[in-house]
Amino acid sequence: MNRIKKGDIVGRISYGKDIAFVVERIIKTHNSKFAILKGLTVRVQADSDLDDLELMEKVQVAEHVKILEENVTKRIQGHIQERKNKARQLFREKAIVYTGKILHLDGDKKYSEKSSRYYKKIGLNAIVKNIPERKQPFYVASLLQKYQPDILVITGHDGMIKKGSNFNDLYNYRNSKYFIRTVKEARKANLKKDLVIFAGACQSYYEGLMLAGANFASSPARILIDFIDPLIVAEKIAVTSEEKFVTIKDIEDELRGGQRGISGTGAKGRKKILWI
């Protein structure tokens, strides 16, 4: 008897259990059952017959989480020391630094919590809201009006329904249509014409997101991106001087898949320095 239930961490047997998934819900049809899955450490959504799923052993799950936490911790530690050195220099030079303000909408509750902790630890001014992907278009305008951010992150989980085909069919993507609508609503609100937008998740409809008005988006090669990749883009814009234009080449080496995972037209940095 298949004992897999909502909340279990599983792998797909046919894929060699290469990705750890959390079972979001189980759907029953007249002759079978299948599960809706969300990546534990990557921003992908998928579905699978229950017969193709197997519970991941605790040691396997721990290894996936360990790799993610080590990558995040390493990045945080490096940035904390770098920021301390810069802060000392600016203090001596009598300057006040204002980094760009970030509004981050995330469809995944656990990722939202992790993102909030990350921003706080590296000292960025960020508001993180856990909003399901399908609801993000209805909330973005009011949140932009309330928080007046410099940078907007629109993310969560995504994935292609028929992998490797129908790249230009919006309905072949699980959540790209919601991300695209959210970008359009953000641009329509037009509160800040220079608002910097990152949008997308794993295997998202990159071209559609860029046409909608994003500065950076995923995923040109329809590959997986890490939980932290959207945060890295937002961080780079937030801590770069407004006198410099940030391109994907400035960021690609820090991303899981480089320009194959995330690309874009770029944007001006949003850091301001006030000399006193």
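Colleague: Why is Lys17 called buried?

Modeller: Keep in mind that this is a predicted model. Lys17 has a relative accessible area of 18%.

Colleague: What makes Glu54 partly exposed?

Modeller: Its relative accessible area is 40%. Partly exposed covers the range between the 20% limit for buried and the 50% limit for exposed, so Glu54 belongs there.

Colleague: How do you know that Lys17 and Glu54 form a salt bridge?

Modeller: A nitrogen of the Lys17 side chain and an oxygen of the Glu54 side chain are 3.0 Å apart. The rule asks for a Lys or Arg nitrogen within 4 Å of a carboxyl oxygen of Asp or Glu, so the pair qualifies as a salt bridge. The two partners come from distant parts of the chain: Lys17 sits in the loop between β1 and β2, while Glu54 is in strand β5, 37 residues apart. Counting by this rule gives 13 salt bridges.

Colleague: Why is the contact of Asp47 with Arg174 called a salt bridge?

Modeller: The closest N and O atoms of Asp47 and Arg174 are 3.0 Å apart. The limit is 4 Å, so this pair is a salt bridge as well. Here too, distant parts of the chain are linked: Asp47 is in strand β4 and Arg174 in the loop between β9 and α4, 127 residues apart.

Colleague: What makes Arg25 and Glu24 a salt bridge?

Modeller: Their side chains meet with N to O at 3.6 Å, and the cut-off is 4 Å, so the label holds. Arg25 is partly exposed at 41% relative accessibility, and Glu24 is partly exposed at 25%.

Colleague: Which residues do salt bridges with shared partners join into one network?

Modeller: Glu24, Arg25 and Lys38. Two of these names, Glu24 and Lys38, come up again among the residues nearest the centre of the largest pocket, together with Gln45, Gly107 and Asp108. That pocket has a volume of about 760 Å³ and is lined by 29 residues. Its lining divides into ten nonpolar, seven polar and twelve charged residues.

Colleague: Why is helix α6 said to be largely enclosed?

Modeller: Nine of its eleven residues are buried, so the rest of the structure largely encloses α6. Among the buried ones are Leu231, Ile232 and Val233. Glu235, which lies in α6, is buried too, because its relative accessibility is 1%.

Colleague: What makes the meeting of Glu235 and Tyr118 a polar contact?

Modeller: The contact between their side chains is 2.6 Å. The distance limit is 3.5 Å, so 2.6 Å is within it. Tyr118 also counts as buried, at 1% relative accessibility.

Colleague: Why is the pair of Tyr118 and Tyr119 called edge-to-face?

Modeller: Their ring centres are 6.2 Å apart and their planes meet at 65 degrees. Centres must lie within 6.5 Å, and planes over 60 degrees apart count as edge-to-face, so both tests are passed. Tyr119 is buried, at 1% relative accessibility. By this rule the count comes to three aromatic pairs.

Colleague: How do you know that Tyr173 and Tyr205 are stacked?

Modeller: Their ring centres are 5.1 Å apart and their planes are at 5 degrees. Tyr173 is in the loop between β9 and α4 and Tyr205 in the loop between β10 and α5, so the pair ties together parts that are 32 residues apart in sequence. Tyr173 is buried at 1% relative accessibility, and Tyr205 is buried at 12%.

Colleague: What lines the largest cavity?

Modeller: Leu144, Gln148, Pro149, Leu191, Lys192 and Leu195 line it. The volume of the largest cavity is about 40 Å³.

Terms used:
Residues are numbered from 1 along each chain as its sequence is written. This is a predicted model: local features need pLDDT of at least 70, side-chain atom pairs count only at pLDDT 80 or more; totals for chains, interfaces and linings use all residues. Side-chain values use heavy atoms; hydrogens and water are left out. Helices (H or I, at least four residues) and strands (E, at least two) are DSSP runs, numbered from the N terminus. Buried means under 20% relative accessible area, exposed over 50%, partly exposed in between (1.4 Å probe, protein chains only). A polar contact is a pair of N or O atoms within 3.5 Å; within protein, one must be able to donate a hydrogen and the other to accept it, and residues adjacent in sequence count only if both atoms are side-chain atoms. On a 1 Å grid over the protein atoms alone, a cavity is a set of points where a 1.4 Å probe fits but cannot get out, and a pocket is an open set with protein on both sides within 12 Å along at least five of seven lines; lining residues have an atom within 4 Å of a point. Grid points are joined across faces, edges and corners, and a volume is the space filled by probe spheres set on the points. Rings of Phe, Tyr and Trp (its six-membered ring) pair if their centres lie within 6.5 Å; planes under 30 degrees apart count as stacked, over 60 as edge-to-face and the rest as tilted. Ala, Val, Leu, Ile, Met, Phe, Trp, Tyr, Cys and Pro count as nonpolar, Asp, Glu, Lys and Arg as charged, and the others, Gly among them, as polar.
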